[in-house]
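Look at the structure below with the sequence beside it.

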Amino acid sequence: DPRALVVELDVAKLATFDLSVDEIQHALMTSNQVLQAGERIDAQGSRTLTVGQFLMGRNDFENLVIAQRSGKTAYLKDVATVLDRADLPTQYVWPSP
């Protein structure tokens, strides 16, 4: 069964860290990507260089650094609950009469 991670934000905890929903969204989007950074050419040939990484599971999401405030690091787990659930179905099958 396909899985989905659901992030449930806690408004009170966001306020404690002076964070907005937009900041959470930005951190999630920029931290969950891999980009081509160029190409390396050497005696063995050419290789594409990549940077970044995909967040692979609940633990990666929970420990994602969202911001630094007054010398304190805010992780996603500090302001949200990350749930591992079954994904929504992409199709339904109805039996024929």
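## The nonpolar core

Bear in mind that this is a predicted model. Start on the inside. In soluble globular proteins, nonpolar side chains tend to be buried together. Here, the largest nonpolar core has 16 residues. Leu19, Ile24, Ile66, Leu76 and Val79 have the most contacts inside this core. Helix 2 (21-31), strand 4 (65-69), helix 4 (76-79) and strand 6 each give two or more residues to the core. Helix 2 gives the most, with three residues.

Now pick out Ile66. Leave aside its neighbours within four places in sequence. Ile66 is then in contact with Leu19, Ile24, Ala27, Ala74, Tyr75 and Leu76.

## A buried residue in a loop

Phe17 sits in the loop between helix 1 (11-16) and helix 2. Is Phe17 buried or exposed? Its relative accessible area is 12%, which is under the 20% cut-off, so Phe17 counts as buried.

What is Phe17 in contact with, leaving aside neighbours within four places in sequence? The partners are Arg69, Lys72, Thr73, Ala74, Asp78 and Val79. Phe17 and Gln68 are 51 residues apart along the chain. Their C-alpha atoms are separated by 9.1 Å.

## A hairpin

Strand 2 (residues 33-42) pairs with strand 3 in the antiparallel sense. There are nine bridges between these two strands. Together they form a hairpin, with two residues between them. One of the pairings involves Arg40, whose bridge partner in strand 3 is Arg47.

Arg40 also forms a salt bridge with Asp42, at 3.8 Å from N to O. Arg40 is partly exposed, at 45% relative accessibility. Asp42 is partly exposed too, at 22%. Salt bridges that share partners join Arg40, Asp42 and Arg47 into one network.

Side chains of opposite charge can pair when their charged atoms come close. How many salt bridges are counted in this model? The count comes to six.

One of them joins Asp84 and Arg3, with the closest N and O atoms 3.2 Å apart. Asp84 lies in strand 6 (residues 80-86) and Arg3 in strand 1 (residues 3-9), so this pair ties together parts that are 81 residues apart in sequence. Asp84 is partly exposed, at 40% relative accessibility. Arg3 is partly exposed as well, at 49%.

Glu8 and Arg85 form another salt bridge, at 3.5 Å from N to O. Glu8 belongs to strand 1 and Arg85 to strand 6, so the pair links parts that are 77 residues apart in sequence. Glu8 has a relative accessibility of 37% and counts as partly exposed. Arg85 is partly exposed at 40%.

## A nonpolar patch on the surface

Finish on the outside. Which residues form a nonpolar patch on the surface? They are Val34, Phe54 and Met56. Together they have about 330 Å² of accessible area.

Met56 lies in the loop between strand 3 (45-53) and helix 3 (58-62). Its relative accessible area is 69%, which is over the 50% cut-off, so Met56 counts as exposed.

Methods:
Residues are numbered from 1 along each chain as its sequence is written. This is a predicted model: local features need pLDDT of at least 70, side-chain atom pairs count only at pLDDT 80 or more; totals for chains, interfaces and linings use all residues. Side-chain values use heavy atoms; hydrogens and water are left out. Patches are made of residues with over 30% relative accessible area and no salt bridge: like charges are joined within 9 Å, nonpolar side chains (Val, Leu, Ile, Met, Phe, Trp, Tyr) within 5 Å. Accessible areas come from the Shrake-Rupley method with a 1.4 Å probe; for residues, only the protein chains shown count as cover. A salt bridge is a side-chain nitrogen of Lys or Arg within 4 Å of a carboxyl oxygen of Asp or Glu. Helices (H or I, at least four residues) and strands (E, at least two) are DSSP runs, numbered from the N terminus. Buried means under 20% relative accessible area, exposed over 50%, partly exposed in between (1.4 Å probe, protein chains only). A nonpolar core is a set of buried Ala, Val, Leu, Ile, Met, Phe, Trp, Tyr and Cys residues joined through side-chain atoms within 4.5 Å. Contact means heavy atoms within 4.5 Å. Two strands pair if DSSP finds at least two bridges between them.
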